[in-house]
Amino acid sequence: MMNGCKGQTQAPVVRPATQANRFYTGDARELSEEVDSFLALHRNDAKYNNVAAVIVPHAGYYFSGNVAASAYMAIDAKKQYKRIFLLGPSHHEWLDGASVNTEADYYATPLGNVKVDHETAVFLTNTNRTNNTNNFSNTDGMDSVFRYRPEAHDREHCLEVQLPFLQRMFKEVPPIVPIVISTNDYDKLKRMSEVLKPYFTDENLFVISSDFSHYPSYEDAYEVDAKTGKAVESGDVEEFIATINANARSGKRNLHTSACGEFAIITLMLMLDGQYEVKHLMYQNSGDIDNHDHSRVVGYHSFAILRNGNNSCGQARTNTDFSLSAEDKKMLKDIALQSIVDSLNGKSVSVRESLLQKYPMLNKKCGAFVSLHKHGHLRGCIGHFGEDYPLHEIVAEMARAAAFEDPRFMPVTRDELDDIDIEISVLTPMRRIQSLDEFELHRHGIYIKKGYRSGTFLPQVADEVNWTKEEFVGHCSQDKAGLGWDGWRDAELYVYEAIVF
């Protein structure tokens, strides 16, 4: 008989790191450095404090670590989650259901042990029983939508590979609930979502582990994965299932699946409603990694599912009449300089609450670029393109990054401070346009997005070159978005303005 608590005299059960030296290195120091290097690639990406779930790949870190990091860095690591639900597919056992690991007290990685929320895991296996009996039934003849099957977890990599990222992201990883799903029975998936829905709250994080297309050509993967990605982004489970089925009928050579974690994704999507926004973060496939074999690839998407109606770090809308006073601008210049000085002194920058009350515009959420010049020559420029963090935080962080992290320049030294001029470009909210007639050269910046490629030129770029409007957009499409000279013509176009001072 099983209950919700383990006897105090029992030694903890630790599920070993079976995938170390397979999907990731087994050396703790090397693993920390590898994960940190992936996370660092996305340090300037938008972060959100209203993340309800992320969809993350689970291939070897060499192939999918960059895309996985884009999902984890979208999460505000300072947010205190009560527990993390890990949902992924079974690569070795057909379950016709789902298995929750109720045996393990901890999951091991080379970085240490991660605690399992054993009480919640056991509770799930005792929830939503019916009088059906089948190969997935409990021994008492009552069928639960969840139960524990050891073989589903022993060799499974899809959940384990997420743990080192969580360990490097969070100071202390919240207890996890490991769930492996393997059934194409829609009714069972719906029941799973109904059992999990009470936990789909602001206090918990859901991590959905899934790669996407297996194993078409590079070109076919981009086509198939774009369709699947759009279906996920829609938040509509019926559209997602229809897209998966259409891809299967498309005749694409060697396409074995459009999403190996489709059942976990369906379970998540069944919990969504109008209170959630699915935000696509990144796409690559294995062919993008060091020009790997293009004849047979695997696709990797990352998504963040945002809970609307919260005070989020991400996607906050600023006022279209956004403006800054002379005092606001001076204060931002002071914050930028102080951030650089504090970094040189080994301190973290902070802004007094009284100043934020006096200058409320500094709390507005918008993007900004900080450029450093020395004797009229560029000395560093880093920007954040998004409407997700308070302006004072963005300016402080971008000033520090421009001084010390722009790969084109050596870090700024203390001796240079008196010769450094700071220029700040605060970006107003983006507006979708349907024609270049709505774009004004020298006034507007352009943002071009097509599929999973995008690029931007700030408004002041037009002051530095002698381009026509068409050349400005063509260069952005070609040089920044990688869409080719005319790629903008069937892409999404957005304009914004920059307050430069």
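This report describes helix packing and strand pairing in a predicted model.

## Packing of helix 10 and helix 12

Helix 10, which spans residues 326–344, and helix 12, which spans residues 391–404, have axes that come within 8 Å and cross at roughly 50 degrees. The two helices are therefore oblique to each other, and helix 10 passes helix 12 in a right-handed crossing. On the side of helix 10, the contact is made by Leu332, Ile335, Ala336, Ser339, Ile340, Ser343 and Leu344, while helix 12 contributes Leu391, His392, Val395, Ala396, Ala399, Arg400, Ala403 and Phe404. Sorted by class, the residues of this contact comprise 11 nonpolar, 3 polar and 1 charged.

## Packing of helix 7 and helix 8

The axes of helix 7 (residues 218–234) and helix 8 (residues 237–248) also come within 8 Å, and they cross at roughly 165 degrees. Because angles over 145 degrees count as roughly antiparallel, helix 7 is described as roughly antiparallel to helix 8. The crossing of helix 7 past helix 8 is left-handed.

Helix 7 takes part in this contact through Val224, Lys227, Thr228, Lys230, Ala231, Val232 and Ser234, which meet Glu239, Phe240, Thr243, Ile244 and Asn247 of helix 8. The contact of helix 7 with helix 8 divides into 5 nonpolar, 4 polar and 3 charged residues.

An open sheet of 4 strands is arranged in the order 15-18-16-17, and its pairing is antiparallel. Strand 15 (431–433) and strand 17 (453–457) stand at the edges with a single partner strand each, so that one side of each is left without a neighbour in the sheet. From one strand to the next, the twist averages 25 degrees.

Within this order, strand 16 (residues 445–450) pairs with strand 18 (residues 492–496) in the antiparallel sense over 5 bridges, and tyrosine 447 has tyrosine 494 of strand 18 as its bridge partner. Helix 14, formed by residues 469–480, lies across strand 16 and strand 17, and runs at about 135 degrees to strand 17.

Strand 5 (residues 106–109) and strand 6 run antiparallel and are joined by 4 bridges, with tyrosine 106 standing opposite lysine 115 in strand 6.

## Strand 14 and its partners

Strand 14, made up of residues 420–427, is mostly covered, since 6 of its 8 residues are buried. This strand runs antiparallel to strand 12 (residues 368–374), to which 7 bridges join it; here valine 370 has isoleucine 424 of strand 14 as its bridge partner.

Strand 14 also pairs with strand 19 (residues 498–500), again in the antiparallel sense, over 3 bridges. In this pairing, the bridge partner of leucine 427 is alanine 498 of strand 19.

Conventions:
Residues are numbered from 1 along each chain as its sequence is written. This is a predicted model: local features need pLDDT of at least 70, side-chain atom pairs count only at pLDDT 80 or more; totals for chains, interfaces and linings use all residues. Side-chain values use heavy atoms; hydrogens and water are left out. Axes are lines fitted to C-alpha atoms, for helices over the stretch in contact, and angles run from 0 to 180 degrees between N-to-C directions. Angles under 35 degrees count as roughly parallel, over 145 as roughly antiparallel, 65 to 115 as roughly perpendicular and the rest as oblique. A crossing is left-handed if the near helix is turned anticlockwise from the far one by less than a right angle, and right-handed if clockwise. Contact means heavy atoms within 4.5 Å. Ala, Val, Leu, Ile, Met, Phe, Trp, Tyr, Cys and Pro count as nonpolar, Asp, Glu, Lys and Arg as charged, and the others, Gly among them, as polar. Two strands pair if DSSP finds at least two bridges between them. Buried means under 20% relative accessible area, exposed over 50%, partly exposed in between (1.4 Å probe, protein chains only).
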